[in-house]
Amino acid sequence: MSDTAPQPTTAAANPPVQPLESNLLPSDVVRISATPDVPQPTRQLTKVAKLIDVSKCIGCKACQSACVEWNDTHPEIGENIGSYENPHDLTPDMFTLMRFSEWENPATNELEWLIRKDGCMHCEDPGCLKACPAPGAIVQYSNGIVDFIHDNCIGCGYCVTGCPFDIPRISKVDHKSYKCTLCSDRVAVGQGPACAKACPTKAITFGTKDDMTALANERVEDLKSRGYENAGIYDPEGVGGTHVFYVLHHADKPSIYSNLAENPRISPIVEGWKGVTKTAGMAAMGVAAAGAVLMGLFTRNKVEPEEEEAAERLVQDREGI
Amino acid sequence: MNIDLTRRGFLRLAGAGVAATSLGAMGFGEAEAAEAAHVRAFKLTTTTETRNTCTYCSVACGIIMYSKGDVKAGEIAEIMHIEGDADHPTNRGTLCPKGAALKDFVKAPTRLTRPRYRAAGATEFQDVTWDEALDKIARAMKDDRDANLVQVNEAGVPVNRWTTTGFLAASATTNETAWLTYKAVRSLGIVGFDNQARV
Amino acid sequence: MTNAWTDIKNTDLVIVMGGNAAEAHPCGFKWVTEAKATRGAKLIVVDPRYTRTASVSDYYAPIRPGSDIAFLMGVIRWCIENDKVQWEYVRNFTNAALLVKDGFGWSDGLFSGYDEEKRDYDKADWDYQIGDDGYAKLDMTLQDPRCVWNLLKAHVDVYTPEFVENVCGTPKDRYLQICEMIGECSAPDRVMTSMYALGWTQHSKGAQNIRGMAMLQLILGNIGMRGGGMNALRGHSNIQGLTDLGLMSNLIPGYLNIPTEREPDWQTYMSTREFKPLRPGQTSYWQNYSKFMVSFMKAMWGDAATAENDWAYHYLPKLDVPTYDVLRMFELMKQGQVNLYFCQGFNPLMAFPNRAKLTEALSKLKLLVVMDPLETETAHFWENHGQYNDVDSASIQTEVLELPTTCFAEDEGALVNSGRWLQWHWPGGSPPGEAKNDTWIMANLFQKLRKLYQDEGGVFPEPILNLSWNYADPLDPKPEELAKEMNGRALRDIEDPANPGTTLVAAGKQVKNFTQLQDDGSTMCGCWIFSGCWNEDGNNMARRDNSDPGDAGMFLNWSYSWPVNRRILYNRASADMQGKPWDPDRKLIEWTGEKWEGYDVPDIGVTSKPGEVMPFIMNQEGTSRLFTRGMMRDGPFPTHMEPFESPIANVLNPKMRGNPVSRVFVDDAEQFATSEEFPFVATSYRLTEHFHYWTKHNKVNASLQPEFFVEISQELAAEKGITGGSRVRVWGKRGQVWAKAVVTKRIKPMQCDGKTVHVVGIPLHWGFMGAAKKGWGPNSLTPFVGDANVETPEFKAFLVNIEPAAEEPVA
């Protein structure tokens, strides 16, 4: 018997409006792209995680909608190409995407509509950060969040190559790389990510990694009791575990979920960039990247209307209009 | 090159950004050249909260609207963000993809902002004042009712029935609007009266 | 909903049939996932398509659109045959034991008394045998062949598993598996909930679909139970409230009726509304009808409604037809018999069937007035949008006024959710431009009209001049003033019958709730079922205490629910004949020996003894009804009927087309298609990314589902040479649309009566206004015919054809 409504398990609460100190400070950064010898923080934040229980997901796209609203992005209105996926891929204006696959289970002959929320996994060992040649463009906080600092991004696209999950997308408008921030601005004031708050069925939950792992184990037990004998957790070791992880009904076959990587690893080439090699590699890449950016900006003779519109918004945002 | 100011502004800013980051990249890892890591400022700080319910389906999720300006204090208020109310027993703070984007319904480019009139055969609306619009409607109603109200049927029974004017009531207005609408419509004898529940 | 959204967490089994809760009501559906996650509940989905609800179900079965009655009667047959019946509940809490007149019968798909010419039944024999004592006869042993139970058994006998498979296209093994799962819920401690919506209502026999499930739920003993009930998931945020408030052709607030012209005076009107109990000692609460009605008339016309003038009964319009519903109004409009039409937050050009007819009808109006926050298709029906609205503006003589209204974010008041909670909300934004609240618009319009009658005189001005309008600012009534009117107040001191000489309610005070209303003119009340919402305790709709004793899911101190803050209707039926809960773990209320108490407001007199006063207090029988007497036009039991446009004939009677008593206008009958011309079954539905025709105005939702599409099976795609993502033309007898094709495994061909039946799924949400890509709604294709009882259009089953189309020419 309880006297109050149970606490939501999404770690959702109503956002504060009074000024609050941020809990995510520059001093909480543990790794910085293209920056060796980052001073170790004086405190260790509790590791956080977003759990995506694919078996509870109804594919409603509330996560996409909430993400757009919170992050003030402006996805374009596209077209239907014969599926429910819209947009058709992650974009610089859509950090998360429901991916739909119709799978006929050979063991049961039952159709299963597998719907997976795609987006940044916030790897413990982030390939994007390792690949990034721009100092300070990608950082990792001690709670596990991997965030892009756009002021430092050169738009080279190496984070895309470095990502074992193919997540970051480069904006054609400002030539910077975008992806899910795990709503670092919300987490900084004790809130969960916007998608987890919105998720109607609590398929997305947010909390400490330990709590989320415990919840995931409970969910796996429930699924096994319903006949999904291969139900399990997807928290891949190859990238040191992730701070966004899944419960899958068929954890033995991640690829049936719209090509979720079976054994994600950072590319050996990226892993190989160490010491002098990395510096040299970066010099080449940095120059090439900056050149590409400049070429991209000044040699195009045609500006798409949506790019124009996006550019105006960008200017307004920057000028604080 | 003939580009407008906004576009020029963008290029200037973008150019500055490229210059800064390029320098950073050339510096091969000097942390001080890079902007320090920072999370975005929390955007709801010092906004005004108002409790409401979602306007779409009948789950009636609790929502909180965050605005610049306070309607209760008589100020002009602009809604900046809407999200679920975690205190609400039904939705516990969650929202569906429609509810999560309610702000964009409020600010839809196709929101109506002034009364408009379309003349017979016209291809466009023209702006009118509220008084002009309501005077025209009241006149048309009175003329039609006076001409067509069925006061008695063929058997001579008083029936006070007005069938040449119909009224469709809404599906998302408040009970209070509905009650006032009911009173006005019924007092006139309108029987072609319906709401979205029918369909 | 008989129950609340939050109560769904208490269930053992959810059946979603006739709806798609995960897509249309995601945050209500949360309580299904909660029940699954916390108490191991199971979810069954029966739907023509494998929907997003099906994607998280434990068991799914396909069904041919429009064949639900056969399925449901089949399940009832299976439950009876396999003794999956909550016997004590059925015997005592339903009318199973009551005896029916000998003249009632059923054969060849029709009930006794059918008149083909009138398309109507003579329902005189559809009633109980009445004894000399004036009460209905009964046989509690259920042996009498004329008792309702035995008639039901005989009625469902034809619906064998083979019949169901043949008519519904549901594979027999899947159907039987579902019967097994449902049958388990006949145990007193197992409960099923039914969640349905327009998948059941939008048929020419929609009301009978719902009755079919309600009967099943009664047989299982699941009505009145926590986690049980019949849960109609209303489509819009306040259609529950607007219906409660009687904004329909034939209603008065609180489900009272507008009189017909056969009721020319008050005495005649009241004579059929005495509602004497049909069994001894029963409550038959509608006996209080006159109190609610007189209080309503006082709310309308104040001092002008007196006992001497029969409460101004002559002010009320008297109907000559059952209703002037929307289909009839557009038919009249098309015939040139309607001059003015108002759309307040309503977009009929997309919401009603047969758009070509709608455009023709609107073009014959003199004046169309649209009040809306958005630019609707209806307000722009005269505007040419190429193929999407191909009209000749110059030839349309209709004048149009488009009036900007506020939206939810800018207004104050209450909405009634599906679970009957009246929840207050507050404005947080300023209206854009010159947009005004609907109350301001209605008040200003009415005052201008009233002034014209004052200044000029006119025809029968009294009801207008005498309409009660006691607001501080007559041009801007405040939500608080209006809410208080709906609650009701004493007009003079009311004596307390329990303590003569003392005052129950003093003049001018708000009544506590409807139990204090009187029929002598001493009280006024706009809507009796809302009474209690704003009484002397204040605005109960604004209450925000979310405590939940017993984790029962009732939340009695959150907002206000009608009637009298009760959260589960018929909750007395959650306890047995002695007043003990059927399932102690699901206690709602129980009899203490002196009174009823528990987690919910008892749906019975608190001191009414169990065994004497039966649970269904609104009914004259005191019980629920498996047999509905003459209350429904198309039969006291549901019987299988095909849609008006069907791929197969009615196997019970091949001569029957659609619902034999549905109203059909001549022109529309000529436009019904046959399966020879149009071989494929189409059905319409919502998608979760959009709300109706509103969110296409919103760029975020438009980006999530940007373009009109139709869904077909891989088999049909192969047959027609259609590839996913290509453009197709879909056409029927009344119109055509072009859409993108989504080819899916989630729709499969079905075998029905020896034919392969293909389904074409047509989502709504697109039109020619707003931010999303332009498209069409299914209403360009759908037939202009409604349910026989309530005239809800048949949007869920009709015939079309489909073919590949050239890509859209680039403009």
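Helices (H or I, at least four residues) and strands (E, at least two) are DSSP runs, numbered from the N terminus. This is a predicted model, where local features need pLDDT of at least 70 and side-chain atom pairs count only at pLDDT 80 or more, while totals for chains, interfaces and linings use all residues. Residues are numbered from 1 along each chain as its sequence is written, and chains are lettered from A and ligands numbered from 1 in the order in which they are written.

**Stop 1: chain B**

What pattern does chain B follow? You'll trace α-β-β-β-α-β-β-α-β-β-α-β, which comes to four helices and eight strands.

Now colour by pLDDT, the predictor's confidence in each residue, from 0 to 100. Chain B has a mean of 85, with 82% of its residues at 70 or more. Over residues 1–33 of chain B, though, the pLDDT is below 50. Beyond near neighbours in sequence, that stretch still has 50 contacts in the model. Two residues are in contact if their C-beta atoms, placed from the backbone, lie within 7 Å.

How much of chain B is buried? Of its 199 residues, 57% are. Here, buried says that 20 or more other C-beta atoms lie within 10 Å of a residue's own; exposed is 12 or fewer, partly exposed is in between, and C-beta atoms are again placed from the backbone. As for contacts in chain B between residues at least 6 apart in sequence, 33% join residues at least 24 apart.

**Stop 2: where B meets C**

Show chains B and C together. This contact takes 103 residues from chain B and 140 residues from chain C. On the chain C side, highlight helix H16 (residues 438–456), which gives the most, with eleven residues. By class, the chain C side has 78 nonpolar, 42 polar and 20 charged residues. (Ala, Val, Leu, Ile, Met, Phe, Trp, Tyr, Cys and Pro count as nonpolar, Asp, Glu, Lys and Arg as charged, and the others, Gly among them, as polar.)

Next, pick strand S4 (residues 116–118) of chain B and strand S14 (residues 399–404) of chain C. Three bridges join these antiparallel strands; two strands pair if DSSP finds at least two bridges between them. Zoom in on Arg116(B) and you'll see Glu402(C) of S14(C) standing opposite.

**Stop 3: inside chain C**

Stay with chain C and colour its two domains, whose bounds come from an automatic or database domain assignment. Domain 1 is 1–235 + 567–640, and domain 2 is 666–804. Their C-alpha centres lie 31 Å apart. Where they touch, 26 residues of domain 1 are in contact with 29 residues of domain 2. Helices H1 (21–24), H6 (161–168), H8 (198–201) and H9 (206–219) of chain C each supply at least two residues of the domain 1 side. That side has nine nonpolar, ten polar and seven charged residues.

Strand S15 (residues 413–416) and strand S16 (residues 421–425) of chain C pair in the antiparallel sense over four bridges, with four residues between them. In the turn, click Arg420(C), which has a positive phi of about 70 degrees. Val416(C) has Leu422(C) in S16(C) as its bridge partner.

**Stop 4: where C meets A**

Bring in chain A. Its contact with chain C takes 36 residues from chain A and 41 residues from chain C. The largest share of the chain C side, six residues, comes from H2(C).

**Stop 5: the sheet in chain A**

Finish with chain A alone. Which strands form the open sheet? Four do, in the order S9-S2-S11-S10, with mixed pairing. Strand S9 (204–208) and strand S10 (232–234) of chain A are the edges, each pairing on one side only.

Pick S11(A): five of its five residues are buried. Val244(A), Tyr246(A) and Leu248(A) point one way, while Phe245(A) and Val247(A) point the other way.

Now check the neighbours of S11(A). Strand S2 (residues 48–53) of chain A runs parallel to S11(A), joined by four bridges. Leu51(A) stands opposite Phe245(A), and Asp53(A) stands opposite Val247(A). S10(A) pairs with S11(A) in the antiparallel sense over three bridges, and there Tyr234(A) stands opposite Tyr246(A).
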